[in-house]
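Thank you for making time for this. Please bring up the sequence and the structure, and we will walk through a few parts of them together.

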Amino acid sequence: MSEKFTSAQHSGRGYHDIGGEDFGPIDPKTTEVKPWEKLSIAIGNSMGGQGRKVINTDMGRRAREEMGEKMYNSLDYFERTTESMKITMVEKGLFTKQELENRMNKIKSCFSELKSQ
Amino acid sequence: MADEEEKHGHNHDHKGIDADAHALEHIHDHDRQFQADIEDNEPEHYELMTYAIKELLVEKGHLSVDEIRRAQEKLDSWQPSRGAKIVARAWFDPDYKQRLLKDGNEAMSDFGVDAGGAKLTVLENTEDVHNVVVCTLCSCYPRSVLGLPPDWYRSKSYRARVVIEPREVLKEFGTDIDDEVTVRVHDSLADLRYLVIPKRPKGTEGWSEDKLASIVTRDSMVGVVNPSVS
């Protein structure tokens, strides 16, 4: 397979465009969707076409297809969904990257506190 | 700890689950808006990010907690059982099946389905044609009738391979398609989702709609298996 390009910026085949490649046997095992994964989807839905209409599926797709091959391949489905939602929301000015980082650290320290008790 | 004990007005035994429960209480004292679901593990990066996004959106007035709750309830209502009812109606009522095949969105609104702008196309499996659905570019799926897509549908193996060797892939699901039967693979898009009406198995003559619905599985509505009468 030749080098892959980011679809919106270059012509050619994007790294997300994997139809026809060989990734080996399909693992039929299914897992429960985790609560945070469901929450992430629900947030996306309520900000998207079924809710406030601030974001939409195409914006999410574009973010996924431009996050870079390395990141795309290192994340699972719900992680990608969350990452692309974050990219879109930061671009829309709903919050800044710094605000998000600070808040994540704050929440993390709450969990650590919880653990240490 | 002394100040906390004072705040809660009673003593806690800081061990195991009780201690965690206490800590959760403590977190709520600080008006945290997330809930820790899993006691043992610290949240991963994207779990933390999700909680943080929720808090920021709510604080900044972009979204209310109630809207998120309603979106979660809606998500919970999207189950394969909904698709199964639609397929059973199509098996039971030929006129309804024609409506479905003509305009999926219109016919599915009988069941309260709102696909949120995406076109729902219904495909019928027959003696001559077997349809199977994929989304090679991401994992587009008719969520409003089947719920969230299963792991294998989201997997790169399925996305990549079913378009090039569908019969082999179907075999991995235990589905053998006769050589004379055409296999059609439908690649979904953000704006176009598919639902398969599987072939009604023999031995279901005279069944009620509810009984028919009981044998229609999620995987059969994606087209990777055929329903059977056990």
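Let me begin with a question: is the crossing of α5(A) and α3(B) right-handed or left-handed? Keep in mind, while you look, that this is a predicted model. The crossing of α5(A) and α3(B) is right-handed. The axes of these two helices, where α3(B) covers residues 45-59 of chain B, come within 9 Å and cross at roughly 115°, and α5(A) and α3(B) are therefore roughly perpendicular to each other. On the α5(A) side, the contact is made by Glu99(A), Leu100(A), Arg103(A), Met104(A), Ile107(A) and Lys108(A), while α3(B) brings Leu48(B), Met49(B), Tyr51(B), Ala52(B), Ile53(B), Glu55(B) and Leu56(B). Sorted by class, that contact has nine nonpolar and four charged residues, and no polar ones.

Let us turn to the other crossing between the chains. The axes of α1(A) and α4(B), the latter being residues 65-77 of chain B, come within 8 Å and cross at roughly 110°, and that makes α1(A) roughly perpendicular to α4(B).

Now for the whole contact between the chains. It takes 56 residues from chain A and 58 residues from chain B. On the side of chain A that touches chain B, the elements that give two or more residues are α1 (35-47), α2 (57-66), α4 (77-91) and α5 (97-116), and of these α5(A) gives the most, with twelve residues. That side of chain A has, by class, 23 nonpolar, 16 polar and 17 charged residues.

Within chain A, two of those elements also pack against each other. α2(A) and α4(A) do so at an angle of about 105°, with their axes 8 Å apart, and they are therefore roughly perpendicular to each other. Met59(A), Gly60(A), Ala63(A) and Arg64(A) of α2(A) meet Arg80(A), Ser84(A), Met85(A), Ile87(A) and Thr88(A) of α4(A).

Finally, chain B, which has 13 helices and four strands. Buried residues make up 38% of its 230 residues. Look at α5(B), residues 80-92: at 1.5 Å a residue, its 13 residues should span 18 Å, and its end C-alpha atoms are 18 Å apart, which agrees. Several of its residues are buried, including Ile86(B), Val87(B) and Trp91(B), and the buried residues of α5(B) pack against elements of chain B, among them α6 (94-102), β4 (192-197) and α13 (218-222).

Leaving aside residues up to four places away in sequence, Leu100(B) touches Ala90(B), Ala107(B) and Val122(B). By contrast, the C-alpha atoms of Leu100(B) and Arg70(B), 30 residues apart along the chain, are separated by 28 Å.

Note on methods: Residues numbered from 1 in each chain as written. Chains lettered and ligands numbered in written order. Predicted model: local features only at pLDDT ≥ 70, side-chain atom pairs only at ≥ 80, totals over all residues. Contact = placed C-beta atoms within 7 Å. Nonpolar A, V, L, I, M, F, W, Y, C, P; charged D, E, K, R; others polar. Axes fitted to C-alpha atoms, helices over the stretch in contact; angles between N-to-C directions. Parallel < 35°, antiparallel > 145°, perpendicular 65-115°, else oblique. Left-handed = near helix turned anticlockwise from the far one by under 90°. Expected span 1.5 Å × (residues − 1). Buried ≥ 20, exposed ≤ 12 C-beta atoms within 10 Å, placed from the backbone.
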